[in-house]
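Work through the exercises below with the structure in view. Try each task before reading its solution.

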Amino acid sequence: MLENSLLLKKVRELKHEDAKRWLRIIDEICKSSENKLERINDLFPEYTDHGIEHCKSVVKALEELVIGKKRLSEAEWDEDKLKFANSECYLTLDEIILLILGALLHDIGMSPDIDYDLNKRAKEIREELERLKGSRREELRRELEELKEKIRKKHHEISREFVERSEELKDFQYRDVLARIVEGHRTDVREIFKNLRTVRNVRTSLLAFLLQIADDMDVGFRRALVESMHRLDEKSLEHVLANLRIGKAERSNGEVIYYVDFKEEFKIDEKEVLRLIVKWNGKIERKLERAKLYGGEIIRQWRGILPSKVVFKVESDRYNSDLSKRFEADRTLFVKTLSSNIYGDDWRYAFRELISNSFDAIKRRAYEDESYGNPRIVIDIKVDGDGYIIIVEDNGCGMSRDDVEDYLLTVGKSFYRELRERGNEIIKAINPTAYYGIGFLSSFMLVMDNNGKMDGIIEIETKRMDNEAVRVEIIEPDLPVILGSADKKDIGTRIMIKGKREEVRGFFEKVLRFGEVCRNNGIDVHIFPFAVIVDSVLKVRELEIPIVVKINGVKVWDGIVKPDLFIHGEKIKSIDVNHENEDYELEIWKGELPITEFGLIPKSEFDMILKDAEMVEKRLDMYELKLNDINITFHIHTYYTIATVNNVGCIVENRQLNISRYLRLNEQPVTYILRVRSSLPKYTDLKKNKIKISGEVVREIFKKLREEGITFDLDVFDSFDPFVSPCDEDFEEIGAMDFVENCLRFEDIYGECKTLSEIKGVGKTPIIVDIDFKFFEIFKYKFKSFWENLKLNPLYGEYSRFLKAYQKVSEYFFEKCEECGKDCIFGKFEFDGGGYYIKDTNLENFLFREFKELIALIYLGFDERFYILNNRFVKTICRMWKENRISEDEEDKIKYLLHRLNDFLRESYYVTLEDLKELAKIDNKLKEAYEMIMRWMQND
């Protein structure tokens, strides 16, 4: 099977028994594993090749690209060491055998034919799917996809276990070494050289690294098994197209060169393929660089053998490049541009980003560590002479060395964004702020002087659980960083920033003076001096973190930072509910939150400062004051608030309570929704950011609201997310429909707000206008007498997501034709849709008169098409289809017509026969379909 292997050819040159024994072992493993490997492509048909041909190609890549064909051919044996000319490098006989076996077995963990629980279950499901029919198949398919994803992610570990358990390898003296090499093909390079040791004459770390690089280098047209790929998703398709474009690869003067050709007949998105190829290029080069950094003496010896560069040469009608050039940036200029354009050169945003990162780290640690229960952030500022030292320290999750290198020091690369894109559950749990991977750059604003030059230093010490502490020193963005070990013992991150920016120093001096003036006036003010972060960070935090702020040793803030802590205004109602020995309190406020340029000020202290301060200017949302020569700006903000448990914020799980986030009371926003007084929930219970409140408690709360006669307006356009919002069915489930009927006011299409009880009280029936017409505003008044005659009160269509139990226009006036079921022609070529009859004659006459013979409508919210069978044009298509009188060519024309109508509906919400006639004038293909159907109508 590996008869063309250059390495095995070299082994065959040795005539002694050890070499012959090794060759027999390889032959036996090839025969015993071949079928198992081929079955990988059966289980993963949508992936590139991972079978026996891939194994051969990995060996070939190792020989011709990693080592070099010429160098390997000229290598000579010195006893049992194959030495390469003009270098210190060699491979022992044992290492060559282990490399070949590693290439054969590295992906065997993906095979359904091996003795491992996940793989065996995948095989069982595949066999069951071949026998079964019906609904059970879909359930099994879903289970199979979940299993495949687990196998794919763990296949290197499964391959290791296979080697450790394999009967064929039970007497193999290097069994454990081979298992580690196989696992190493998906292990981080640093971990390979850190954890894998030399055993006897076998350098395990070197072999694992060589196998990993050779595996990554196996790209090209051969890996795209087009004939066997019967199912491709978008990501798989990109990989297939990219592999198909790579014609060959070769080693030349230390470079590995791949030739990429786009000059073929079928059209593809070259940009997407190029993006993927550049990603492959970068991945291989990064691993080579990391090996030089962490590989020690082993890689130092091999530097002359390993590729110096990886190049993808592209030829196409548009491109002719080797992709070796990159867009280089002056990092210092980049930082300055970010500062001025993104942050407006407002250095306070650096604190927003630093505190946001600490918030995210604390929430992540709370999610990961069951024993964690004392979160904190300490901000310590020392102002001295013309400079300052700022220390921001948290006891969050910390960073490993890899985290620092891959994310902190890589601009634009975000750990949390990558998790979001993969749909990782941790994102839902911790709701991080970080997304773009550029926030840390804002710290450089604190080390710029007043002329925009870098004049300072940033030092970071960080430690992640089960990792060594790391220290980073950054002087300027364009200079190399100093990266090494640290003595930090505690988990978390400490960032120290030394700078000389005058306005930064002046601000903190001013905060100290303000606090001193307030205390001298009998005001025990507590200052959180980073108001700029309130809107952008605290408002979206579900956890409220204790923060300590010190300036020159004076503690200006020590406590929880949260928007609702300082709320003041008019408390409308406070309702207590007791349930199973736990107290719940509902508070409804109309309130405002004053913010100074220094931070948040409690209501009582704000009033005292107002008495002593001189008013300079007052605007709708701002006070400009002067207090003892200190200028102060107060902003007035209104907040919707969050639930709190033991002073820790969280989201209330019950969907019925989520509606409170959108309620308005007499046109004023409801500011505070629910405070939970309970000794049961703990900080570590909030890993999913939710607390459970039983339906009984929710029902009691709404019962109290009903008894108090409180009525709320619903903000129709901002209120409803169909995936998370509550509906009347939810309230009915807990017996709180009287709240919906009597406490919630719904807006009708004429702008009047009424409760459902008020609508019914005047003898009308609520109906939701869930079918949208373009220019509906023009026609709604023509409908007014129509609604009155039928005693209907038409509500806005957005309520269809909330009032699920109430009648909709789509149900009241339209009836779906079910004669053809799933084979309806109007559903066959649409995402969702079908033929519908207008049940009411008055409505039919009105629509056909005002809309020039209506063909189709779009159903608001669900993108469903209603093809109106009352229309003779639509009915003709339907009849010809049911009578099986449409040829294949005619069916294609109808398909095109429906797709064009679909596009038109996306823009106009309805389409008429007149519209279709106009479209046909500019689209010859559509014209053919239109005229064909018109002939059918005439022949009738």
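Two strands count as paired if DSSP finds at least two bridges between them. The model used here is predicted.

**Exercise 1.** Determine how many bridges join strand β2 to β3, and find the partner of Leu82.

Solution. Start with strand β2, residues 81-83. Three bridges join β2 to β3, and the two strands run antiparallel. With a cut-off of at least two bridges, β2 and β3 therefore pair. Next, look up Leu82: its bridge partner in β3 is Leu91.

**Exercise 2.** Give the strand order of the sheet and identify its edge strands.

Solution. The order is β1-β2-β3, in an open sheet of three strands with antiparallel pairing. Now check the sides: β1 (76-78) and β3 (90-92) each pair on one side only, so these are the edge strands. Finally, neighbouring strands of this sheet are turned by 30° against each other on average, direction ignored.

**Exercise 3.** Classify the crossing of helices α2 and α3, then describe their contact.

Solution. Helix α2 covers residues 17-43 and helix α3 residues 52-74. Their axes come within 7 Å and cross at roughly 105°. Angles of 65 to 115 degrees count as roughly perpendicular, so α2 is roughly perpendicular to α3. In the contact, Glu34, Leu37 and Glu38 of α2 meet Ile52, Glu53 and Cys55 of α3. Sorted by type, the contact residues are three nonpolar, no polar and three charged.

**Exercise 4.** Is Ser33 buried or exposed?

Solution. Locate Ser33 in helix α2. Its relative accessibility is 2%. Buried means under 20%, so Ser33 counts as buried. Leaving out residues up to four places away in sequence, Ser33 touches Leu105 and Ile108.

Technical notes: Residues numbered from 1 in each chain as written. Predicted model: local features only at pLDDT ≥ 70, side-chain atom pairs only at ≥ 80, totals over all residues. Heavy atoms only, no water. Helix = DSSP H or I, 4+ residues; strand = E, 2+ residues; numbered from the N terminus. Axes fitted to C-alpha atoms, helices over the stretch in contact; angles between N-to-C directions. Parallel < 35°, antiparallel > 145°, perpendicular 65-115°, else oblique. Contact = heavy atoms within 4.5 Å. Nonpolar A, V, L, I, M, F, W, Y, C, P; charged D, E, K, R; others polar. Buried < 20%, exposed > 50% of the residue type's maximum accessible area, 1.4 Å probe, protein only.
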